[in-house]
Amino acid sequence: MPEAPVEVELNPAEDFVQSTRTELEQVRAQLKEIGLLVEQSQGEVDKLAQRNASIAARLHQLHAHFDTVPREDIRATYEAAQDAQQRLFTMRGQLEKLQSDQVHLKRYQDFLAKAMTLVEGGGKMEVGEEVAGDGKLGGIEKVIEAQEEERRKISRAIHDGPAQALTNFILQTEIALRLFDTDPERARQELTDLKTAASATFAHVRDFIFDLRPMMLDDLGLVPTVRRYTEAFKEKTGLDITLVVTGTERRLKTHREVLVFRTVQELLGNVRDHAQATQAKVVVDLDQHKVRASVEDNGRGFDKAVLEGDGDEGRNLRTLRDRLLQVSGELDLETSPTKGTRVAISMPTGD
């Protein structure tokens, strides 16, 4: 009788290489598939955007000749505009989701490829890229978790802001359409109110985009962006904010400017949402070798032990501390119940 094939047991390193190679092949296949979907979705978005622009031009003409255009034409055009906007909004959301997934998969592919190169070549992985004892990629898990948390925040913000406003626009449009034949004057007032609401929503969307990624951070740098953000934050919340800038104002590497700005943004958000404070002080200091930033408030404070826990409370600060560690930075927390809070960070400028 022929002998049964002998199964060769792989040692942990060989098993890791084999499983990583398999995972890398799967990710590459997924990237190819998602690339085709992105291309198709982009084509649909372009077509819908052109249709939307054409209808918008038609609406502009109707507005200029509102009193002479047949009511049926007005109704049909507004219905077409509503349908086009809904389709474009939905397709853009789908495209953005696909593009986001594509970016994350590309980063994951690059990470796996680098891990394969290092392991097969006998190299040493850098801090933050180590493989956890259970065979999972510890560093990438933290990155994905942080990214998903940001997605959840953005999703909630869109749902409570632009998405809700669009729903109200649709309702107002339907009301105006019903009133065209019975009460044209009131229909005109509904459209005027709709225009006012759309202008206010546009301003909110601009603020939302600024919060996501202020373009002036790329154009002007850290200090002007922090200054603009604190002024806008003070205006929107009524919180008494003092900004102090010391040292030599200059540009830093992009990722360091982003990290400092996001820190100030996150900490001011914590002050607004949790501290019950009336005053806050933001300090940004740039010396030759280090950049420092701090946010201090006169709020209710909290137990410093949350920084060492693993619950929801203190999660944002722990995530911030982990980010800073990746760039040789530090986080210092001073707080106690009823005595306010001061969070300070520092990192090398990287010049």
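Buried, as used in these legends, means under 20% relative accessible area, with exposed over 50% and partly exposed in between (1.4 Å probe, protein chains only). The model is predicted, so local features need pLDDT of at least 70 and side-chain atom pairs count only at pLDDT 80 or more, while totals for chains, interfaces and linings use all residues. Residues are numbered from 1 along each chain as its sequence is written, and side-chain values use heavy atoms, with hydrogens and water left out.

**View 1. Thr230 in helix H6.** Thr230 sits within H6, residues 222-237, helices being DSSP runs of H or I with at least four residues and strands runs of E with at least two, numbered from the N terminus. Thr230 is buried because its relative accessible area is 4%. A polar atom of the Thr230 side chain lies 2.9 Å from the backbone oxygen of Arg227. Beyond neighbours within four places in sequence, Thr230 is in contact (heavy atoms within 4.5 Å) with Ile241, Leu243, Leu268 and Val282.

**View 2. Helix H7 and the residue after it.** H7, residues 254-275, has 22 residues and reaches 30 Å from its first C-alpha to its last, close to the 32 Å expected at 1.5 Å a residue, a span defined as 1.5 Å times one less than the number of residues. Gln276, which follows H7, has a positive phi near 55°.

**View 3. The largest nonpolar core.** A nonpolar core is a set of buried Ala, Val, Leu, Ile, Met, Phe, Trp, Tyr and Cys residues joined through side-chain atoms within 4.5 Å. Among the 36 residues of the largest one, Leu222, Leu268, Leu331 and Met347 touch the most other members. The largest share of this core, 9 residues, comes from H7.

Notes. Polar contact = N/O pair within 3.5 Å; in protein donor to acceptor, adjacent residues only side chain to side chain.
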